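Dear colleague,

My notes on what was found in it follow directly after.

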Amino acid sequence: MAMLRAAKHAMRSLGSTAPEAAPFSRMLHASPGSKKIVGVFYKANEYASLNPKFVGCVEGSLGIRDWLESQGHQYIVTDDKEGPNCELEKHIHDMHVLITTPFHPAYVTAERIKRAKNLQLLLTAGIGSDHIDLKAAAEAGLTVAEVTGSNVVSVAEDELMRILILVRNFVPGYLQVIKGDWNVAGIAYRAYDLEGKTVGTVGAGRIGKLLLQRLKPFNCNLLYYDRIKMDPALEKEIGAKFEEDLDTMLPKCDIIVINTPLTEKTRGMFNKERIGKLKKGVLIVNNARGAIMDTQAVADACSSGHIAGYSGDVWNPQPAPKDHPWRYMPNQAMTPHISGTTIDGQLRYAAGVKDMLDCYFKGQEFPAQNYIVKEGKLASQYQ
């Protein structure tokens, strides 16, 4: 609630005027004068007017348009990001700041970075900057930052919901109602209690830890694999057990939740071989990144029943094409990328973006945890 109050306070102060920009020092300081800022978000269309707090869309523009334009900056917002003639391409050559989002990712390739001669700052409205070529950004001397912590609660709650949806075999029951059917046996034969099941999270950062805390009242056997062991006091409070080896942990799990960022090491981590070693009938929740999984291997394992249920909101690529195999595989409870873009999450990451832009204009540092690329170095989770 404290974060939400802070976000709301920041949103109310959008009309404030920032001091004159400080002299430019590569990475953090904006040079004097007007800046061209480009934002790429999903378009809300008819839904835009239904909630005044719906700021994460093109129409809402993070709620910062008046604030930016009152200081003389140019703010271009679009959802058109693909192809040589898209709207984003028209502004790459002279934009100073690019704001992107994991929910409608504008893929910032090395080639785009090379052409962006004025670009100084890449901001992610949310968490997860793997849609940016981070090595190319580092080599170009750019700063990349995101709003760390902005959607931790949103994603952890969504993961818990998906676990329950899979365990209780909810989707087939819902579809029965829609179709006018009534077949209790068709649901109950594979519906279970969550209590007593072994749940393992691959990654125990902010989201992973919060998920484990949310799971504690369900009396599960909680396991986690991460490059950093949890604080012993917190580990004891949650009741989670650290597993040093991923492939030792995975076969123990009835339910696996993916909570690790997409890096060169985690891309394709769950391939056919690794999936084959999982417990038959395993349930998997992935709100991290679609490319951590081998797309076809997941579809095949769902079809064979080796994976009894797969749910998540991340795809590779995004938006998912109409022929993506995860749309049609059995035993899935997939959605578009929505877990981190609740209205509460939007207010938090909109406020975070505004705060970082304000710091950029004033030549001030961002919160340390927000940096993904700084002074040519990648954050530890992406190394």
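Glu 243 is a charged residue, yet in this predicted model Glu 243 is buried, because its relative accessible area is 5% and the cut-off for buried is under 20%. Glu 243 belongs to the loop that runs between S8 and helix H10 (246-249). Setting aside residues up to four places away in sequence, Glu 243 touches Leu 223, Tyr 224 and Tyr 225, as well as Thr 248, Met 249 and Lys 252.

Strand S8 (240-242) also takes part in the surroundings of helix H8, as one of the elements against which the buried residues of H8 pack. The other elements listed there are H5, strand S6 (198-202), strand S7 (221-225), helix H9 (232-238) and strand S9 (255-258). Which residues of H8 are buried? They are Ile 207, Gly 208, Leu 210, Leu 211, Leu 212 and Leu 215.

The packing of H8 with H5 can be described in more detail. Two packed helices are described by the angle between their axes and the distance between the axes. For helix H5 (residues 152-167) and helix H8 (residues 206-215), the angle is about 50 degrees and the axes are 9 Å apart. H5 and H8 are therefore oblique to each other, and their crossing is right-handed. On the H5 side, the contact is made by Val 152, Val 153, Val 155, Ala 156, Glu 157, Glu 159, Leu 160 and Ile 163. On the H8 side, Arg 206, Ile 207, Leu 210, Leu 211, Arg 214 and Leu 215 contribute. Sorted by class, this contact of H5 with H8 comprises 10 nonpolar and four charged residues, with no polar ones.

I turn now to the sheet. Seven strands make up an open sheet with mixed pairing, in the order S2-S1-S3-S4-S5-S13-S14.

Val 38 lies in strand S1 and counts as buried because its relative accessibility is 0%. Although Val 38 and Ile 99 are 61 residues apart along the chain, their C-alpha atoms are separated by 6.1 Å. Beyond its neighbours within four places in sequence, Val 38 is in contact with Ile 76, Leu 88, His 91, Met 95, Val 97, Leu 98 and Ile 99.

With kind regards

Technical notes. Residues numbered from 1 in each chain as written. Predicted model: local features only at pLDDT ≥ 70, side-chain atom pairs only at ≥ 80, totals over all residues. Heavy atoms only, no water. Pairing = 2+ DSSP bridges. Helix = DSSP H or I, 4+ residues; strand = E, 2+ residues; numbered from the N terminus. Axes fitted to C-alpha atoms, helices over the stretch in contact; angles between N-to-C directions. Parallel < 35°, antiparallel > 145°, perpendicular 65-115°, else oblique. Left-handed = near helix turned anticlockwise from the far one by under 90°. Contact = heavy atoms within 4.5 Å. Buried < 20%, exposed > 50% of the residue type's maximum accessible area, 1.4 Å probe, protein only.
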